[in-house]
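Here is a short briefing on one protein model. Keep the sequence and the 3D view open as you read.

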Amino acid sequence: MQNPPAARRFAPTALMLGNVVTGCSVVGPAGMLKELSDGLGVSISTAGLLITFGAIVLCVGSPVTAWLTSRIERRRLLAATLAVLALTNIASAFAPDYGSLLAIRMFMLAVGVIYTPQAAGTGALIVPERKRGSTIAYIFLGWSLAAAIGLPLITFMASRYGWRAAYGGIGVLGFVSFLLLIWRLPGGLFASPVDLKTWTTVARNRMILLLLLITTLQMSGQFVIFTFMGPLLAKLTGAGADAIALVFSLYGAFGFVGVAIATQIVDSWGPYRTSVLFTGLLFAGVAGWALSAGIYALMACSVVIWGLGFASTNSMQQVRLVAAAPPLASASVSLNTSVLYIGQAIGSAIGGALYAHGLLHEAGFVAMAFVALAFATVILLTRPRRAAG
């Protein structure tokens, strides 16, 4: 039986909301590090390892799960992933100690890693080719909403009702998203199978490898700061929970604005020019944080600029990878997700070491150096070649 047109029309929104749940599950601990530290009796640096170790699981799991699940029908696969995310977030709310919470998180993310790359690939299957770029960017908008709405709500709930309530809230949102996906995503969708030959072809594609390097550098730089953004603001400026939540809100809200703009202009500007614009904004925002560290108002303004670039650069990376080699999209987008999490692991590990040694101002300049390298690589090495003649 054919799926009704309305189901297909609203399917990208169902996929996007699943990314909200995935984003909250991945970055949620960043919004409640202090509460986790106090409630579990560990240091803030140790609580930050929930993100570092989680990122390691995610970076290893992305290409492996892309291979293992490439022949599974998309609606079944994505719905099952959201169900696991919902259940494990609920389980996290009842974790008795740090070790248990870490173990639950490792399992949660080992399964959750499936969602984002497969949602992007599925989105490409349900729209005309001319709308593929804007649809992928729209689906990735879920990560912006996770930062714009989810992270401030996590910070708010954790500061007033405890970290267990925050995990419970993510779990409830996961069940709602699961139901929406079952309702709206068409059935009978299959991606191109991923085999050893696919990975070999990807490894020989220079543009794909450069784009993966850019993702790694961008995410490494951002997570030097982002993982510890709350504690850094508290120590550098004396900001309280509400002031920190406001900065998270600005980060996510302007991330939403950035992706909305990118979604509107990418089909006319092209992925490269759009990527240059938003990588430049990302660099300007991180540089502003580094140079204004200690002044709350200026740091918040820097986060606004940074926010415009953070999610839109990620979505443009997805679009550029699909455009670079459409038949390899399932594998290349999965690898992009993998190196995205490698960047998170590198950045949060470096940020944790700097925080533990009291090098709070220096963290901004380390982040700035990573993003500068990413920006230079975009401009110097990935400019499209003009066709001869």
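**Inside the fold: a cavity and its aromatic rings**

The lining of the largest cavity is made up of 11 nonpolar residues, 2 polar ones and no charged ones. Keep in mind that this is a predicted model. The points below start with that cavity, then turn to ring pairs and to charges over rings.

**The cavity**

- The count is 1 cavity of 30 Å³ or more.
- The largest cavity holds about 140 Å³ of space.
- Its lining has 13 residues, and the closest to the centre are Val27, Trp143, Met219, Phe223 and Phe310.
- Which element gives the most to the lining of the largest cavity? It is α7, with 4 residues.

**Aromatic pairs**

- The whole structure contains 9 aromatic pairs.
- One of them joins phenylalanine 226 and phenylalanine 248: the ring centres are 6.1 Å apart and the planes stand at 75 degrees, so this pair is edge-to-face. The cut-off for that label is over 60 degrees.
- Phenylalanine 226 sits in helix α10 and phenylalanine 248 in helix α12 (residues 241–269), so the pair ties together parts 22 residues apart in sequence.
- Stacked planes are under 30 degrees apart.
- Phenylalanine 228 is buried, with a relative accessible area of 1%. Tyrosine 355 has 11% and counts as buried because the limit is under 20%.

**An aromatic cluster**

- Phe223, Phe226, Phe248, Tyr251, Trp289, Trp306 and Phe310 form one aromatic cluster.
- Two members of this cluster, Phe223 and Phe310, are also among the residues closest to the centre of the largest cavity.
- The edge-to-face pair of phenylalanine 226 and phenylalanine 248 belongs to this cluster.

**Charges over rings**

- Arginine 184 lies over the face of tryptophan 183, at 4.1 Å from the ring centre.
- Arginine 273 lies over the face of tryptophan 269, at 4.9 Å from the ring centre.

Key. Residues numbered from 1 in each chain as written. Predicted model: local features only at pLDDT ≥ 70, side-chain atom pairs only at ≥ 80, totals over all residues. Heavy atoms only, no water. 1 Å grid on protein atoms, 1.4 Å probe; cavity = no way out; pocket = protein on both sides within 12 Å on 5 of 7 lines; lining within 4 Å. Points joined across faces, edges and corners; volume = space filled by probe spheres on them. Helix = DSSP H or I, 4+ residues; strand = E, 2+ residues; numbered from the N terminus. Nonpolar A, V, L, I, M, F, W, Y, C, P; charged D, E, K, R; others polar. Phe/Tyr/Trp six-rings, centres within 6.5 Å; stacked < 30°, edge-to-face > 60°. Buried < 20%, exposed > 50% of the residue type's maximum accessible area, 1.4 Å probe, protein only. Lys NZ or Arg CZ within 6 Å of the ring centre and 35° of its normal.
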